[in-house]
Amino acid sequence: MKKRLITAAVGIAFFIIILFFSGGIVLNIAVSILSVIAIWEIFVATKYINNIPLLVANMVFAFAVPFFRTPYSNDVSKVCILLFIIALFVIMLKQKVKIEQIGLVFMLNTVISFAFSSIIYLRDLPESPVYHLQPIDGAFFIVFAVGGAWITDAGAYFIGRFLGKHKMAPTISPNKTWEGAAGGIIINVIGLVVISWVYSFFYLKDTGHINYIAVVIYGVLCAVAAIVGDLAMSFIKRSCNIKDFGNIMPGHGGVLDRFDSLLLVAPLLYVMLPLLPIVIR
């Protein structure tokens, strides 16, 4: 537990630093690095690491995706996607890689890269004149997404540890319980309400307000998405007969072990926020 808390504290410090510079290219670089590390962990877990051409093609694509929506990159991003698909076909034919292997790495790379990139899309939401938002709101959306994932994780872990009795998915993740899931949802709702209130108090003031009904709804939806994402990655680990995706974060495992719950939360918020806004200006 001590190791987990120390690692979490260091991670939060890095997150705050990156968030401070989130208005520029720093966030894109950070997300790109996370994506590349996550793809490396997938290749190690699936034991495809020895296929160098397949590894390189996927890591290059994972590195590029977070920059797809930077200025003047629209045409380049289309070319990158096409080249990636062509590369996979060539590797499949040249090296006689099984179609299920190509399908697996393509699916996971696409999900991971674009899920992580949703953090950047959340930052850029205020750029659209349709939503009448301020740049600072983009940083708030990032905090909201990360909070929605990590608060659920923490709540489910501690509630499940002390009160958990009924196993949720014993063959996938034996330690997860229905009591922990319920606790994670409740604590996540409370945590996101607090985060939203703090943001409103310090940054909105007379320029807007928080839709707390939306916050409560997102608290539930984000918690469910976080749990599903966590279980999905646990299923992959079980299928690969590994405990953790890596050891880059002592006490937590690898990037995918720590960010698995964010894989569905960030895209969910990006899709839903224009339909059900949190910040009203």
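**A walk around helix α10**

Hi everyone, let's start at helix α10: the cover over its buried residues includes α5 (99-124), α6 (135-163), α8 (212-239) and α9 (255-259). Cover here is judged by contact, that is, heavy atoms within 4.5 Å. And which residues of α10 are buried? In this helix, residues 262-272, they are Leu262, Leu263, Val265, Ala266 and Leu269. Buried means under 20% relative accessible area, exposed is over 50%, and partly exposed lies in between, using a 1.4 Å probe and protein chains only.

A quick word on what you are looking at. This is a predicted model, where local features need pLDDT of at least 70 and side-chain atom pairs count only at pLDDT 80 or more, while totals for chains, interfaces and linings use all residues. Residues are numbered from 1 along each chain as its sequence is written, and side-chain values use heavy atoms, with hydrogens and water left out.

Now the overall picture. The protein has ten helices and four strands, in the order α-α-α-α-α-α-β-β-α-β-α-α-α-β. Both are DSSP runs numbered from the N terminus: helices are H or I with at least four residues, strands are E with at least two. The radius of gyration is 19 Å, which agrees with the value near 19 Å for a compact globule of 281 residues. That radius is taken over C-alpha atoms, and the globule rule is 2.2 Å times the number of residues to the power 0.38. Of the 281 residues, 45% count as buried. Among contacts with a separation of 6 or more, 72% come from residues 24 or more positions apart.

Let's visit two residues. Arginine 123 sits in helix α5. Is arginine 123 buried or exposed? Arginine 123 counts as buried, because its relative accessibility is 13%. Leaving out residues up to four places away in sequence, arginine 123 touches Ser22, Gly23, Gly24, Leu27, Asn28, Gly138 and Ile142.

Next, proline 274 lies in the loop between α10 and β4 (279-280). With a relative accessible area of 32%, proline 274 is partly exposed. Its contacts, aside from neighbours within four places in sequence, are Leu125, Tyr131 and Leu269. Leu269, you'll recall, is one of the buried residues of α10. For a sense of distance, proline 274 and lysine 94 are 45 Å apart in space, C-alpha to C-alpha, and 180 residues apart in sequence.
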